[in-house]
Amino acid sequence: MKLKEFRLLYDTELRKQSRGNIITDEVFNILVNSAQAEYMDTEKDKAELTSGITTELLPFFEEAVLPVTGGAISSSLLGQYEKLMKVNTLYNGELVKCDVCTSKEVEERLDNSLTKPTLKHPIVEEFNDGLKFYPSTVTSATIKYIREPNEVFLDYYWDAIGKTVYMDAGATHTLIPGEVYRDGTTSGTKTSQTVEFEWGASDIKKIFNMVLRDAAVSVDRQLPFSYGVQETTKKEQGL
C-alpha cells in the first residue's frame, strides 16, 4: 500500500467514527513513524526469542564486509544499524564465528586463559559507537544485522481550491497559478520527497491499526482494508 492510500483510508476511518477534524500532515507523519518504530521493536523482540530473523524483518536484513580499525568498527560504517544478528571474521582464509558478548562476558573471557579470545575464536562487544573486537588484531568482519526502516514521509501540495494532493515517491508536479507546495512556494516543478513503507502488506495493516489506536480510534472490528483503499483512491480521482 502506498503512503497516500494509507493516509486517505486513515482519514476515512476518523470520519466514520466522528473524531472531528482530520489531523495535520505533520502530525500524521509523526504518528506513522512512531507506530513503525514500535512495530519494529516488537519484531526485534520476536527475533530475540527465536534467535533468528522473522519473515517480517527480511526487508531490513543486511550483510556487509567491513574493515576493523584498531580493533573496532565505527557506528558510522554500520549505517542504519538496529540489531546485530551474526558476526564472522577471517582466520587462515576461512570465516569463523565471532561470539557477541556483553561487557561482563568480555571481562570474564579475558580473565580466563581457556576462553580468552584469539583470532580463531574471537569475540565482539556492542557499544554506543559501534563494535569492539577481541583480539584487537582482527582486521575485517562480515556483519549480518537488522537495519532501521526508512523514516516514512508523505509529501503534498494544495491545489487551486485548497485541496491537499498527496504525491507518490519520486513523482513530479509543475505548480499552476493558485497551487501551493508544502514549503509555501507557488511556482516551479516539484519532485516528491515522499518515502514509502518498506514493510509487507500485512505489516502495514498492523501499523495502520496502531496509528488509529494512537488517535483513540476503535480498531476492535475488521477494517475493510483493501476495499477502503480502492474507494478512497476513487474519491481522490473524482470517480
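A salt bridge is a side-chain nitrogen of Lys or Arg within 4 Å of a carboxyl oxygen of Asp or Glu. The structure holds 12 of these salt bridges. The model is predicted: local features need pLDDT of at least 70 and side-chain atom pairs count only at pLDDT 80 or more, while totals for chains, interfaces and linings use all residues. Residues are numbered from 1 along each chain as its sequence is written, and side-chain values use heavy atoms, with hydrogens and water left out.

**View 1. Salt bridges of arginine 7.** Arginine 7 forms a salt bridge with aspartate 11, and the closest N and O atoms are 3.0 Å apart. Because arginine 7 and aspartate 11 are four residues apart in helix α1 (residues 3-16), about one helical turn separates them. Helices (H or I, at least four residues) and strands (E, at least two) are DSSP runs, numbered from the N terminus. Arginine 7 also meets aspartate 25 in a salt bridge (2.9 Å, N to O). This pair links distant parts of the chain, with aspartate 25 in helix α2 (residues 25-50) and arginine 7 in helix α1, 18 residues apart. Arginine 7 and aspartate 11 are buried, and aspartate 25 is buried too. Buried means under 20% relative accessible area, exposed over 50%, and partly exposed in between (1.4 Å probe, protein chains only).

**View 2. Helix α5 and its end.** Helix α5 (residues 201-214) has 14 residues and reaches 20 Å from its first C-alpha to its last, close to the 20 Å expected at 1.5 Å a residue. The expected span is 1.5 Å times one less than the number of residues. Buried residues in α5 include Ile204, Ile207, Phe208 and Val211. Arginine 213 forms a salt bridge with aspartate 214, the closest N and O atoms being 2.8 Å apart. Arginine 213 is partly exposed at 39% relative accessibility, and aspartate 214 is partly exposed at 36%.

**View 3. The sheet β2-β7-β6-β5.** Four strands form an open sheet in the order β2-β7-β6-β5, with mixed pairing. Two strands pair if DSSP finds at least two bridges between them. Strands β2 (72-74) and β5 (99-101) stand at the edges with a single partner strand each, so one side of each is left without a neighbour in the sheet. Strand β5 runs parallel to β6 (residues 123-127), joined by three bridges. Valine 100 has valine 124 in β6 as its bridge partner.

**View 4. The sheet β10-β9-β12.** Three strands form an open sheet in the order β10-β9-β12, with antiparallel pairing. Strands β10 (164-167) and β12 (180-181) are at the edges, each with a single partner strand, so one side of each lacks a neighbour in the sheet. Strand β9 (residues 155-158) pairs with β10 over four bridges. Tyrosine 157 stands opposite valine 165 in β10.

**View 5. Two loops.** The peptide bond from tyrosine 134 to proline 135 is cis, with omega near 0 degrees. Proline 135 is in the loop between β7 (130-134) and β8 (140-147). Asparagine 92, in the loop between β3 (81-91) and β4 (94-97), has a phi near 55 degrees, a positive value in a residue other than glycine. Asparagine 92 is exposed, with a relative accessible area of 66%.

**View 6. Leucine 78.** Leucine 78 is in helix α3 (residues 75-78) and is buried at 1% relative accessibility. Its C-alpha atom is separated by 9.1 Å from that of tyrosine 145, 67 residues apart along the chain.
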